[in-house]
Amino acid sequence: MQLRKTLLVGWVSVALLSGCSLFNSEEDVVKMSPLPKVENQFTPTKVWSTSVGDGVGDYYSHLRPAWQDNTIYAADRFGIVKALDADSGKEKWKVNLSEKTGFFSSNNSAQLSGGVTAAGSHVYIGSEKAIVYALNSSDGSIAWQTSVAGEALSRPVVSDGLVLIHTGNGMLQGLSETDGSIQWTANLDMPTLSLRGESAPATAFGAAIVGGDNGRVSAVMMKEGQMIWQQRISQPSGATEIDRLSDVDTTPIIVDGVVYALAYNGSLVAMDLRSGQIAWKRDVGSISDFIVDAGHIYIVDQDDRVMALDTQGGVSLWRQSDLLHRNLTAPVLYNGYIVVGDSEGYLHWINTTDGRFVVQQKVDSSGFLGAPIVASDKLVIQAKGGEVYSFTR
């Protein structure tokens, strides 16, 4: 029987949040680290906060806002999408993509997922119902909507006239940016068991670089959807099904002809963009997107260690281990600090030089799942309950 992603993530989430064991033995108990004591070096200024529907609730959905032209675009799982003024948080427009079922009955949830993308004159978002929407950024009206091969769990990526969608059943599809018509489909292969989530592709020189649930990173020619190369960066191994997970759910990063990619239970690797040949490999695993900046790589690993490594060989520069199993978001680099949120609603600001805590602030009781974003001079993050917050340093 094929065991799919939702069930697995449910097990992992319960274990991480409640401290319960996956295997009913004391040595396997996973406990959330207590909140570290931090003497704040400054106080971030909250510019505004506003509600965008009901958020994601208890669902494992990495919805996060997007920013373009002084506008924040944010959505909730049910189907609410809003455009907010980035300076004030005031609503510019609001649409509801939920399915109307009747005059006297409640609408069915649109099950939006994966994140919002703003590019050109459109705002893109996908759903667990295998539908991708393109909204006009001026007023939120639907420009087009397309049924895709499976759940649209990753963030849409726009490049070379295409909207790239990585679906939950292992398909990478290229949709026309103009009308949403499917131009090609590439099969990335699927294992029997995998984590819930998919890698969003990175693009360069007409190629899409994307991670797969089979432990491989693939390069696909965007013009026709043809495979250029595949490279395995994670090999299934271990005594349990969870140990053998090898998903590459993080978005690869391309810098100066080098592809950096990161797998769960696998490796951080640097590969040649043209050939996929591995230049170096480091034993680090994660399901969270990472950062490459100024010769440094910043990662939140699968146990919620925050670490910095060198891009030249993956040499460790520092490691912050005081947030273990607090279910951290992916990191963001803001004004020279690494910022991560956790499942209890705290934001942690970390010095990029030595990994020391700089600021700790309680923001929202519902907690965070989607990563923060940087919108010009502001840090923006959406809580699981739907509230969107804007801060400045």
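**A walk through two loops and a sheet**

Hello everyone, let's start at one spot: Gly-285 sits in the loop that links strand S21 (278-282) and strand S22 (291-293). Strands here are DSSP runs of E with at least two residues, helices are runs of H or I with at least four, and both are numbered from the N terminus. Before we go on, please keep in mind that this is a predicted model, where local features need pLDDT of at least 70, side-chain atom pairs count only at pLDDT 80 or more, and totals for chains, interfaces and linings use all residues. Residues are numbered from 1 along each chain as its sequence is written, and side-chain values use heavy atoms, with hydrogens and water left out.

Back to our glycine. Is Gly-285 buried or exposed? Gly-285 has 7% relative accessibility and counts as buried; the cut-offs are under 20% relative accessible area for buried, over 50% for exposed and partly exposed in between, using a 1.4 Å probe and protein chains only. Leaving out residues up to four places away in sequence, Gly-285 touches several others, including Tyr-264, Asn-265 and Asp-301; contact means heavy atoms within 4.5 Å. Val-300 is 15 residues from Gly-285 along the chain, and their C-alpha atoms are 8.8 Å apart.

Now let's zoom out. The chain has 1 helix and 32 strands. Of its 393 residues, 56% are buried. Among contacts between residues at least 6 apart in sequence, 47% join residues at least 24 apart.

Next, a sheet to look at. Four strands make an open sheet in the order S26-S27-S28-S29, with antiparallel pairing; two strands pair if DSSP finds at least two bridges between them. Strand S26 (332-334) and strand S29 (357-362) are at the edges with a single partner strand each, so one side of each has no neighbour in the sheet. Strand S28 (residues 346-351) is joined to S29 by 5 bridges, and Ile-350 stands opposite Phe-357 in S29.

My last stop is Asp-342, in the loop between strand S27 (337-341) and S28. What is the relative accessible area of Asp-342? The value is 0%, and Asp-342 is buried. Where does its side chain reach? The side chain of Asp-342 reaches the backbone nitrogen of Gly-345 at 3.1 Å. Setting aside neighbours within four places in sequence, Asp-342 also contacts a set of residues, among them Leu-35, Arg-326, His-348 and Phe-368.

Notes. Polar contact = N/O pair within 3.5 Å; in protein donor to acceptor, adjacent residues only side chain to side chain.
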